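Here is my note on the model you sent, arranged as numbered points. Please read each one with the structure open beside it.

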Amino acid sequence: MKFTPEKYRIPDQPLQPFIDAGEIWDFLQKATSSPERVRTIISKSLDKQRLTLEETAVLINADDPELIEQIKEGALRLKEKVYGNRIVLFAPLYIGNKCINNCQYCGFRTDNKEAIRKTLSPDEIRAEVEALEDNGQKRLILVFGEHPEYSADFIAQTVRSVYTTKKGKGEIRRVNINAAPLDIEGFRTVKQAGIGTYQVFQETYHPEAYYQYHLAGKKRDYVNRLISLDKAQEAGIDDVGIGALFGLYDWRFEVLGLVRHANHLEACYNVGPHTISFPRIKDALSMNMPQKYHVNDSDFGRLVAILRLAVPYTGMILTARESPVVRKEVMKYGVSQIDGGTKLELGAYSRSLNEQQNLNREQFFINDSRSLDEIIEELLNEDFLPSFCTACYRLGRTGEHFMEISVPGFIHQYCTPNAMLTLAEYLEDYASEPVKEKGWKAIEANQHKITNEKRLEELRAKLQRIRNGERDLY
Ligand code: SAM
Ligand code: SF4
C-alpha cells in the first residue's frame with residue numbers, strides 16, 4: 001500500500017511526508033533474519049551506533065525464540081552500557097479534558113457524552129502541584145486535551161505557575177508537556193515559559209489507519225501531526241518526544257515508523273528525539289476498539305528491546321498504563337523513565353482519600369496505581385537507582401544524548417552522582433523508613449562506579465550537605 005500524501009494534505013501547509021508506508025512495508029517484507037545477520041546488527045548497536053530501517057526490520061522479522069532472546073539480551077546490555085542502572089521518575093498532571101477531536105481510543109473524545117469536562121482552575125492546579133511536591137515529585141508532564149481554551153498562552157501560563165508553586169522543601173524542577181501540536185509562534189511561547197520536553201505522539205504512522213481512528217477535529221490531519229515537531233524545532237525547542245499508540249496498527253510497522261521519525265529529526269536538526277513513548281491502548285469510557293492489532297505482553301517486550309537497539313541514545317518512557325508485572329519485565333530491556341504515584345483523574349492528587357478510579361474524568365484506566373514510595377522501593381529491590389535529576393536541562397545541556405556520546409564516561413561523571421544526590425533528597429524528605437534505609441544502602445553500593453577520586457570526594461561532601469539540610473546540589 002503506497003502512501004498518497006495529497007489525500008491528507010491541508011492546502012496551505014508545507015508537505016514533508018518523511019513516512020512512506022509502501023517503503024516501510026517493503027523493508028518488512030524483504031528483511032531476512034539469519035542468526036549471523038541478527039548477531040551482527042546487535043553488535044553494531046552495542047557499539048552504540050544507530051540502526052538503519054533495514055537493520056531494524058531484520059530484528060523485527062527474527063521470530064525464532066532463541067534470536068528473540070538474543071535481541072532482549074542485547075537490549076539489556078546496551079541499556080546498562082548507555083544508561084547504567086538509573087531510572088528517572090516523573091508524574092503526569094492532567095490539566096483539562098476538553099477536546100475538539102474524536103480519537104476513537106480516547107475517553108476525552110468529543111462523542112463521549114458521558115465524560116465530565118473540566119479544566120483545573122489556578123487554585124486547583126496549585127493544590128495538585130503542592131500535593132505532588134509533598135510526595136517528593138520533581139518532574140511533571142502536563143497533559144491537555146485539544147481545545148481553544150488550551151492555547152499556547154494558557155499552556156505557558158500553567159507551566160509558569162507550576163514552577164513557582166513551592167511547598168516546604170518541595171519544588172518542581174522540570175515541566176514537560178503532552179499537548180496538541182502548536183504553530184511555530186505557539187511553540188516559541190511555551191519555550192519561553194521554560195518547558196522541558198514537548199511530546200506529540202503520532203499514534204499510528206500508517207496514514208490509512210490514522211484516518212480511520214481520527215474521525216473529526218484538527219487531529220484528523222495526519223501530515224500536520226507528523227510535521228509538528230519539525231515546527232517545534234524551528235521554534236527552537238530541541239527537546240521533543242515522539243510516540244506511537246500500540247494497538248492501532250501492526251506493531252512492526254509502528255516500530256519502523258518511530259525509527260524513521262527519529263532518524264528524520266536527527267538528519268534535519270542534528271538532534272534526535274529526546275524520548276520515545278510506546279503506550280499500549282487501555283480501556284477508556286465507552287470505548288469499543290477492534291482487537292485486531294492488540295499487542296500481547298511477549299511482543300511488547302520484544303518491540304521495546306528492538307527500539308532500544310535501534311536508537312541507543314534516545315530515552316524510552318514506560319508508563320503506569322502497564323501493570324507492575326509487565327513494567328518490571330519490560331524495564332530491563334531499555335526503559336530509562338517511568339512515572340510513579342500516577343493518578344489520571346483531574347484533581348485526584350490533592351484529594352485526601354485515595355478514591356476509586358473514575359473513568360468519567362479519566363482518559364483511560366491505569367494498571368499501576370502504586371505510590372511513588374512503593375515504586376521506588378521496587379526499583380531499589382531490583383538494583384535500579386531511582387533518579388529525579390534535572391541537571392542537564394538546567395545547565396543548558398539539552399540534546400544530552402549527544403553529550404553521552406561525545407564525553408567519555410559521561411554517565412558515571414554526571415548522571416550517576418546526580419541520581420544519587422536527588423535520591424538522597426527524596427530519602428531525607430519524603431521516604432518511608434524502609435525505603436530510606438534501602439535507598440542509603442543503594443547510594444553507598446553505587447559509589448564504586450565513580451572511579452575519579454576527586455569526583456567521589458565531591459559527591460560524598462554533597463551527600464553530607466544534603467543530610468545537613470541543603471537541597472538542589474548538582
Ligand atoms: N490531546 C493531546 C494529543 O492527543 O496529542 C495530548 C494529550 S493525549 C491526552 C496523550 C496521549 O494519550 C495520546 O497521544 C495517546 O497516545 C494516549 N492515549 C489516548 N487514549 C489512550 C488509551 N485509551 N490508552 C492508552 N493511551 C491513550
Ligand atoms: Fe483529544 Fe488527545 Fe484524546 Fe484525541 S487523544 S480525544 S486529541 S485528548
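1. A crossing of two helices is called left-handed if the near helix is turned anticlockwise from the far one by less than a right angle, and right-handed if it is turned clockwise. In this model, which is a predicted one, the crossing of H2 and H3 is left-handed. The contact draws on Arg37, Val38, Ile41, Ile42 and Lys44 from H2, and on Glu54, Glu55, Val58 and Leu59 from H3. By class, the residues of this contact of H2 with H3 comprise 5 nonpolar and 4 charged, with no polar ones.

2. As for the geometry of that pair, helix H2 covers residues 35–46 and helix H3 residues 53–61, and the two pack at an angle of about 125° with their axes 10 Å apart. Because angles of 65 to 115 degrees count as roughly perpendicular and those over 145 as roughly antiparallel, this angle makes H2 oblique to H3.

3. On the H14 side, Asp373, Ile376, Glu377, Leu380 and Asn381 take part, and they meet Pro434, Val435, Lys438, Gly439 and Ala442 of H18. The contact of H14 with H18 contains 5 nonpolar, 2 polar and 3 charged residues.

4. Which residues lie around ligand 2? They are Cys99, Asn101, Cys103, Tyr105, Cys106, Phe108, Arg109, Gly145 and Lys219. Sorted by class, the shell around ligand 2 has 5 nonpolar, 2 polar and 2 charged residues.

5. Turning to the overall fold, the protein chain contains 19 helices and 9 strands. Its radius of gyration is 22 Å, close to the 23 Å that the globule rule gives for 474 residues, so the chain is as compact as a globular protein of that length. Taken along the principal axes, the C-alpha atoms of the protein chain fill a box of roughly 65 × 55 × 40 Å.

Technical notes. Residues are numbered from 1 along each chain as its sequence is written. Chains are lettered from A and ligands numbered from 1 in the order in which they are written. This is a predicted model: local features need pLDDT of at least 70, side-chain atom pairs count only at pLDDT 80 or more; totals for chains, interfaces and linings use all residues. Side-chain values use heavy atoms; hydrogens and water are left out. Contact means heavy atoms within 4.5 Å. Helices (H or I, at least four residues) and strands (E, at least two) are DSSP runs, numbered from the N terminus. Ala, Val, Leu, Ile, Met, Phe, Trp, Tyr, Cys and Pro count as nonpolar, Asp, Glu, Lys and Arg as charged, and the others, Gly among them, as polar. A residue is near a molecule or strand if one of its heavy atoms lies within 4 Å of it. The radius of gyration is taken over C-alpha atoms; the globule rule is 2.2 Å times the number of residues to the power 0.38. Axes are lines fitted to C-alpha atoms, for helices over the stretch in contact, and angles run from 0 to 180 degrees between N-to-C directions. Angles under 35 degrees count as roughly parallel, over 145 as roughly antiparallel, 65 to 115 as roughly perpendicular and the rest as oblique.
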